[in-house]
Amino acid sequence: MISLPSQLQLLSDPFLQLPTETSVRVVWFTEFAGSQHFVKYGQNFNQIVFASTTQLTRTREDQNSKVGEQREKGSIYQQPTPRKIWRHEAEVTGLIPGVKLPYFVTSISENNQTIESDRFILSPQPKPETGVKILLTSDHQLMPMTAANLQKVAETIPQLDGIFFAGDLVNVPDRASEWFDDLRGNSFFPCLQGKANYTLEKNQVETVYQGASLIQNMPLFTAIGNHEVMGVFSEELSLNQQFNHPYPRFLAEILYQKEEEKINPQKDAKIKERWIRNRTFNAETYQEIFTLPNGDKNYYALSFGNIRLVVLYLTNIWRSPSLEPNIKGRYREKQADFNSPENWGYGQHIFESIQPGSEQYQWLEAELNRPEFQQAEYKIVMFHHPPHSLGENIVPAYTDPQQIIEKDNHGNIKMIRYEYPLNQDYLIKDVIPLLEKAGVQLVYYGHSHLWNRFMSPSGMHFLESSNVGNSYGAFLGDKKRSIPVDFTEQYAATGDPNGLEPIIPSLKPLLAEDGQPLPYIASNDITVFSILDTEIGTVTSYYFDTRYPESDVLKFDEFKLEDNKQ
């Protein structure tokens with residue numbers, strides 16, 4: 001187990017979750033169970049509400065953690081080691097829309113040591129007709145420019161109302177320090193709470209960034225990305241190895257049926273679910289950290305001001321595009337594993353179905369027909385995987401991998417490969433037509449770590465604003481994706497494989513070497529953020545060049561969302 005510091009402190013500042021018309025949840029974390037945890041609020045802090053406490057069940061550290069005294073790999077932890085963390089949540093009720101109240105949280109330890117947070121501001125949902133300013137962000141993942149990005153957000157847009165986060169909050173979700181206290185100073189919560197301490201070196205000049213005090217004062221709405229999903233559970237394999245080895249659930253269910261009498265003779269549903277989760281994949285740490293509006297589902301819808309936000313669980317396991325024989329990749333299995341199915345990766349398999357008839361698809365159909373959605377002034381849909389992008393991660397198609405096993409004349413396996421038919425892309429074939437028909441104005445997503453935007457012929461906007469902490473490039477012109485060339489399916493080496501042309505930024509696009517404007521930003525020096533302002537109906541994007549720490553933040557693109565009431 002991990003030892004506690006002698007002087008107890010809060011593991012995080014409080015942050016705001018799930019506002020309603022008259023309430024909001026306040027959540028914070030400690031490394032002690034404590035005897036009491038509460039929120040004081042109101043103009044004289046004369047109102048108090050006590051918190052309920054739960055313990056996170058899967059948070060651990062391992063040899064790759066950068067935390068506490070472990071500055072070198074494996075110097076403290078040689079294998080996954082449980083880390084005890086408690087979550088405290090208090091629901092502050094009786095609030096009035098538009099009225100902001102000061103608050104702070106207090107935790108009292110078992111030996112009566114009292115720890116208080118700083119003072120922050122809370123409020124409930126804005127009134128339905130109220131315009132709001134929303135930060136659109138994604139793919140933080142402890143990347144180098146994340147703290148700088150958030151610091152510049154706060155300096156540029158001091159009055160924000162909320163944050164829409166399109167997935168990939170951390171890298172390995174069961175590694176506690178990635179959320180709270182990685183030694184590099186750029187963990188998830190510190191960056192969003194102004195407690196980061198990240199040194200960014202550019203041109204031999206070091207600049208320290210703190211991020212910004214954001215989520216203490218405004219609600220955070222998240223979509224789940226592939227980096228919120230852990231693979232098979234193990235007490236021996238490193239957390240990275242567990243993360244990289246999810247197993248398709250339908251295969252585990254087949255195994256379970258064969259072994260049920262041994263595993264679970266009483267046919268207890270909880271035992272079955274735990275057995276399958278431990279052998280496939282799970283998002284338990286993500287689900288335990290955040291207050292999700294739709295029970296244990298990773299998709300939900302809610303109203304915030306004049307927005308109806310629909311959040312979908314659209315993500316799959318990321319695997320390398322390499323075709324080298326030693327790679328367990330998106331297009332092939334590792335050659336050494338051909339005769340060991342238990343080690344197969346099964347390509348880029350999807351974590352939650354969105355096929356017509358699936359539970360999520362039926363839920364989406366119902367949501368798009370609800371009056372709360374149809375009467376909203378702005379209809380926004382957020383998820384992680386891109387339907388349109390110049391990035392690497394849009395290829396192959398978002399569909400179930402088709403496994404092809406090739407054998408020689410003696411029955412020996414020569415190759416195990418995976419195909420992804422473009423015409424079976426669930427996003428393009430099934431989801432986007434639903435959203436267009438329902439009058440959605442903006443589809444917002446991440447995953448490829450760049451900025452680009454598109455518009456469909458019907459006028460629906462698509463935005464990927466994920467060049468936050470770093471970039472993996474844009475593939476246009478001479479720059480080509482790593483794709484198989486001798487497979488049955490054709491895979492797009494450049495451009496948007498789903499047929500839309502990227503839009504050149506409307507104000508100050510970056511220029512290519514030949515002086516032509518670029519329809520994207522994909523940079524490890526320039527960080528980007530976008531602001532949705534529903535008071536005036538615009539989405540505005542800004543960039544900051546970290547090579548010049550004293551430079552201004554520049555507004556480079558703006559487009560208008562048309563009102564689209566049904």
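**Entry 1: a hairpin**

I began with strand β3 (residues 36–41) and strand β4 (residues 47–50), which run antiparallel and are joined by four bridges. Two strands pair, I noted, if DSSP finds at least two bridges between them. Strands here are DSSP runs of E with at least two residues, helices are runs of H or I with at least four, and both are numbered from the N terminus. Y41 sits opposite Q47 in β4. The hairpin has five residues between the strands, and there G42 takes a positive phi near 105°.

Before going on, I wrote down that this is a predicted model, where local features need pLDDT of at least 70, side-chain atom pairs count only at pLDDT 80 or more, and totals for chains, interfaces and linings use all residues. Residues are numbered from 1 along each chain as its sequence is written, and side-chain values use heavy atoms, with hydrogens and water left out.

Next I looked up strand β18 (residues 307–311), and five of its five residues are buried (under 20% relative accessible area; exposed is over 50%, partly exposed in between, with a 1.4 Å probe and protein chains only). I307, L309 and V311 point one way, while R308 and V310 point the other. In a regular strand the side chains alternate between the two faces of the sheet.

Strand β17 (residues 300–304) pairs with β18 in the antiparallel sense over five bridges, with F304 as the bridge partner of I307. Their hairpin has two residues between the strands, and G305 takes a positive phi near 60°. Strand β19 (residues 378–382) runs parallel to β18, joined to it by five bridges. I307 turns up again here, opposite Y378 in β19.

**Entry 2: the six-stranded sheet**

What is the order of the strands in the open sheet of six? I read β16-β13-β12-β25-β26-β27, with mixed pairing. β16 (220–222) and β27 (554–560) are at the edges with a single partner strand each, so one side of each has no neighbour in the sheet. On average, neighbouring strands of this sheet are turned by 25° against each other, direction ignored. Axes are lines fitted to C-alpha atoms, for helices over the stretch in contact, and angles run from 0 to 180 degrees between N-to-C directions.

Strand β13 (residues 162–165) pairs with β16 in the parallel sense over three bridges, and F165 stands opposite T222 in β16. Helix α1 (residues 146–156) packs on the sheet, touching β12 (133–137), β25 (526–533) and β26 (538–545). Contact means heavy atoms within 4.5 Å.

**Entry 3: two helix pairs**

Helix α5 (residues 249–263) and helix α6 (residues 269–278) have axes that come within 10 Å and cross at roughly 130°. They are therefore oblique to each other (under 35 degrees is roughly parallel, over 145 roughly antiparallel, 65 to 115 roughly perpendicular, the rest oblique). Among the residues making the contact are L255 and Y256 of α5 and W275 and I276 of α6.

Helix α8 (residues 359–368) and helix α10 (residues 426–437) pack at about 10° with their axes 11 Å apart, which makes them roughly parallel. Here I listed Y361, L364, E365 and L368 of α8 against D430, V431, L434 and L435 of α10.

**Entry 4: F233**

Is F233 buried or partly exposed? At 33% relative accessibility, F233 counts as partly exposed. F233 lies in the loop between β16 and α4 (239–243). Leaving aside neighbours within four places in sequence, F233 is in contact with R58, R60, Q242 and N278.
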